[in-house]
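Please walk through the following structure with attention to its sheet, its aromatic contacts, its nonpolar cores and its backbone angles. The explanation below takes these topics in turn.

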Amino acid sequence: MSAGPGSLGGADDLRVHLPFTEFTLDNGLRVVVHEDRRTPLACVDIWYHVGSRNEVPGRTGFAHLFEHLMFEGSEHVPSGRFDELLENVGGINNGSTSQDRTDYWELVPAHAVDLALYLEADRMAGLLHAVGEEQLEAQRGVVMNERRQSYENRPYGMAWETLQAALYPEGHPYRWPVIGYMDDIAAATLADVQEFFATWYTPDNATLVVAGDVNASRVQDVVRGYFGDIAPGRRRPRAEPPALPVLDADQRVTLDDDVTLARIYMAWHSPAAYDDGDAALDVAAGILGSGRASRLYRRLVYESQVAQSVSAWQSSALLGSTFHVVATARPGTELQQLEDTVRDEIAAMAGAVRADEVQRARNALQTDFIDALQSVGGFGGRADQLNTWLFHLGTADYAGQEMARYSALTPERISSAVSTWLCQPAGIVSVVPARRRA
């Protein structure tokens, strides 16, 4: 067992301390325990290192499908009992799937942490004993309906899928949406599902964080008891990560949709999570299009009043990130005007940004970070944050650098990142009201 100091010295004398202990089971499961006795709560947070990037063309949507199947019962926990057992002790749970990983967590009263660990171990070891054709068909229908509601039948719903396809070439693992394509979801067989689970949902492809009012030594005993006998997985396919795509020219797509207001989506390739330039573009997004003091809000929404809304953000991911700007036009405004303004402001930022702009954006990032850490569980909470560092950096001991990487940024470094990454061709999707395209 090793101990991590987890201290942070950052901008404006910020101090965060996330102490932890760490151990690894013989089957490869890596476990981090963060003790915090201030509130009688505990979170069990497990990341499987599998997302939509681990799928193949023609078999998309499997990682997200498992997000649903994992709640349909396991060898010793019949369907419906997972949620019932947690609700009986006052616990809550959820899960999420991204391009890179699948996350499941339970937030429970501290006395019920053993239950949460047992439930996670039972579905890691015994999900395939409980999932048959009936469960697959039921959850396939749920996912297909979710896709209809979130994509096909939702205003602007097809924009993100279209933008991904514009940014990434055929075969790139970020080209398809996390939810998958409808035909692939419909075609998935039970054998396909079983193979996917056996390949990726194994202890040596997972990291487990237990955070809250717990005793690290006791947690280690419980984890060994529940997870220690689960066999590691067989050798998984390890393809070389693809190079970050380079666009030779803007990739433009126009979609007709049943909407009232036209909207433009712009995206650029950017550095992978925690790579050089990633933090700089987080700050650049704050300056460009986050909040009412941002450059684009002032120009497009407040001064010229040609946009209903505008936002910008850096979407960080393992194999390469994307920087996004989305603007919704007011009636009578051409999307080209919005695009031209975005390009103008990006060019201006490549020339110079002000110190006060940097400080404002940095303050917002710091506030969001500290606010999320108020909870031991949930998305962005301490357990989730420790798992994030484990996944991307190979260590949970990063609290001392998370905000420091922003405090070290100068206006010149931010301008340089904008010049390098955003003064380039972009993927551009224009969504226009149906039957009104010029």
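Two strands are taken to pair if DSSP finds at least two bridges between them, and the helices (H or I, at least four residues) and strands (E, at least two) are themselves DSSP runs, numbered from the N terminus. The model is a predicted one, in which local features need pLDDT of at least 70 and side-chain atom pairs count only at pLDDT 80 or more, while totals for chains, interfaces and linings use all residues. Residues are numbered from 1 along each chain as its sequence is written, and side-chain values use heavy atoms, with hydrogens and water left out.

Five strands form an open sheet with mixed pairing, in the order 10-14-11-13-12. Its edges are strand 10 (251–257) and strand 12 (307–315), each of which pairs on one side only. Direction ignored, neighbouring strands of this sheet are turned by 10 degrees against each other on average, where axes are lines fitted to C-alpha atoms, for helices over the stretch in contact, and angles run from 0 to 180 degrees between N-to-C directions.

Strands of a sheet pair through backbone hydrogen bonds, either parallel or antiparallel. Strand 10 and strand 14 run parallel and are joined by seven bridges; Leu-255, for instance, has Val-431 in strand 14 as its bridge partner. Strand 11 also meets strand 14, here in antiparallel fashion and through five bridges, with Tyr-265 having Val-429 in strand 14 as its bridge partner. Strand 14 (residues 427–433) is mostly covered, since seven of its seven residues are buried, a label that stands for under 20% relative accessible area, with exposed meaning over 50% and partly exposed in between (1.4 Å probe, protein chains only).

Which strand is joined to strand 12 by eight bridges? The partner is strand 13 (residues 321–329), and the two run antiparallel; within strand 13, Val-325 is the bridge partner of Ala-312. Helix 9 (residues 278–289) packs on the sheet, touching strand 11 (263–270), strand 12 and strand 13, and its direction makes about 170 degrees with that of strand 12; contact here means heavy atoms within 4.5 Å. Helix 10 (residues 295–303) packs on the sheet as well, touching strand 12 and strand 13, at about 160 degrees to the direction of strand 12.

The nonpolar cores come next, a core being a set of buried Ala, Val, Leu, Ile, Met, Phe, Trp, Tyr and Cys residues joined through side-chain atoms within 4.5 Å. The largest core has 63 residues, of which Trp-268, Phe-323, Val-325 and Leu-338 touch the most other members. Helix 9 gives the most to this core, with eight residues. Not counting residues up to four places away in sequence, Trp-268 touches several residues, among them Phe-323, Val-325, Ile-346, Trp-421 and Leu-422. A second, separate core of 56 residues includes Val-33, Ala-42, Leu-86 and Val-131.

The structure also holds 19 aromatic pairs, for which rings of Phe, Tyr and Trp (its six-membered ring) count if their centres lie within 6.5 Å, with planes under 30 degrees apart called stacked, over 60 edge-to-face and the rest tilted. Phe-66 and Tyr-201 have ring centres 4.9 Å apart and planes at 35 degrees, so this pair is tilted. Because Phe-66 lies in helix 1 (residues 62–69) and Tyr-201 in the loop between helix 7 (190–200) and strand 9 (206–212), the pair ties together parts that are 135 residues apart in sequence. Phe-197 and Tyr-201, in contrast, form a stacked pair, at 5.1 Å centre to centre and 5 degrees between the planes. Phe-197 counts as buried at 5% relative accessibility, and Tyr-201 is buried with a relative accessible area of 2%. Ring pairs link these residues into a cluster that also includes Phe-71 and Tyr-104. The charged end of Arg-123 sits over the ring of Phe-71, 4.6 Å from its centre, and over that of Tyr-104, 4.8 Å from its centre, the criterion being NZ of Lys or CZ of Arg within 6 Å of the ring centre and within 35 degrees of the ring normal.

Finally, the backbone: most residues other than glycine have a negative phi, and most peptide bonds are trans. Tyr-156, although not a glycine, has a positive phi of about 65 degrees, and lies in the loop between helix 4 (133–152) and helix 5 (159–167). Gln-305, likewise not a glycine, has a positive phi of about 55 degrees, and its place is in the loop between helix 10 and strand 12. Tyr-156 is buried, with a relative accessible area of 13%, whereas Gln-305 counts as partly exposed at 47% relative accessibility.
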